[in-house]
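Subject: Structure for you to look at

Hello,

Here is the structure you will be working with. Please open it first and keep it beside you while you read the notes below.

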Amino acid sequence: MAVRATLHCLTGCAIGEVLGMVIGTALGWGNVPTTVLAIVLAFFFGYSLTLRGVLKAGVGFRTAFRVALAADTLSIAVMELIDNGVIVLWPDAMDAGLADALFWFSLAVSLVIAFMVTTPVNKWMIGRGKGHAVVHGYHH
């Protein structure tokens, strides 16, 4: 269950992270605004995926939004901290352009490392009846 929850989180984070990095890099933004955009979009898409599933269960928007916040905030935060931390620490990764293999390789590796670190966090939360354990109560 923790692996599935983390894959769900990774999907939303990866969509937002890649989209933010691509937009910021394509527009020639600096590292800080590009990273901020990527993080904001990662949270947006991460929450959106959970929200979509909970809304399908017939729950009102307000309740579904609260469930998404409770289920995903820690998971997305850990994933983003690790993902962006790896990119920042990787030599020259922050300066790589969209056409550079380093851009895509470092981003892929950072997401894999973030997945490996976030899975035990999700396992811990699920074991305490929190995180995606709450979301699964809304799936039929």
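A disulfide is a pair of cysteine sulfur atoms within 2.5 Å. The sulfur of Cys-13 lies 3.9 Å from the closest cysteine sulfur, that of Cys-9, which is too far for a bond. Cys-9 is in no disulfide, and a search of the whole structure finds 0 disulfides.

Before the rest, a note on the source. This is a predicted model, in which local features need pLDDT of at least 70 and side-chain atom pairs count only at pLDDT 80 or more, while totals for chains, interfaces and linings use all residues. Residues are numbered from 1 along each chain as its sequence is written, and side-chain values use heavy atoms, with hydrogens and water left out.

Are Cys-9 and Cys-13 buried or exposed? Buried means under 20% relative accessible area, exposed means over 50%, and partly exposed is in between (1.4 Å probe, protein chains only). Cys-9 is buried, at 2%, and Cys-13 is buried too, at 0%.

Cys-13 also belongs to the largest nonpolar core, which has 22 residues. Such a core is a set of buried Ala, Val, Leu, Ile, Met, Phe, Trp, Tyr and Cys residues joined through side-chain atoms within 4.5 Å. Cys-13 and Met-79 touch the most other members. Helix 1 (2-26), helix 2 (31-56), helix 3 (61-89) and helix 4 (101-127) each give two or more residues to this core. Helices here are DSSP runs (H or I, at least four residues), numbered from the N terminus. In soluble globular proteins, nonpolar side chains tend to be buried together.

Which residues does Cys-13 touch, not counting those up to four places away in sequence? They are Ala-42, Ile-76, Met-79 and Glu-80, where contact means heavy atoms within 4.5 Å.

Asn-84 is in helix 3 and counts as buried because its relative accessibility is 7%. Leaving aside neighbours within four places in sequence, Asn-84 is in contact with Glu-17, Met-21, Thr-35 and Ile-39.

Ser-110 lies in helix 4 and counts as buried at 0% relative accessibility. With neighbours within four places in sequence again left aside, Ser-110 is in contact with Asp-83, Val-86 and Ile-87. The C-alpha atoms of Ser-110 and Gly-85 are 8.2 Å apart, although 25 residues separate them along the chain.

Two exposed residues

Arg-52 lies in helix 2 and counts as exposed because its relative accessibility is 51%. Its C-alpha atom is 9.5 Å from that of Phe-65, which is 13 residues away along the chain.

Asp-92 sits in the loop between helix 3 and helix 4. Asp-92 is exposed, with a relative accessible area of 54%. Its phi is near 70°, a positive value in a residue other than glycine.

The lining of the pocket

What classes of residue line the largest pocket? The lining has 8 nonpolar, 7 polar and no charged residues. For this count, Ala, Val, Leu, Ile, Met, Phe, Trp, Tyr, Cys and Pro are nonpolar, Asp, Glu, Lys and Arg are charged, and the others, Gly among them, are polar.

Regards
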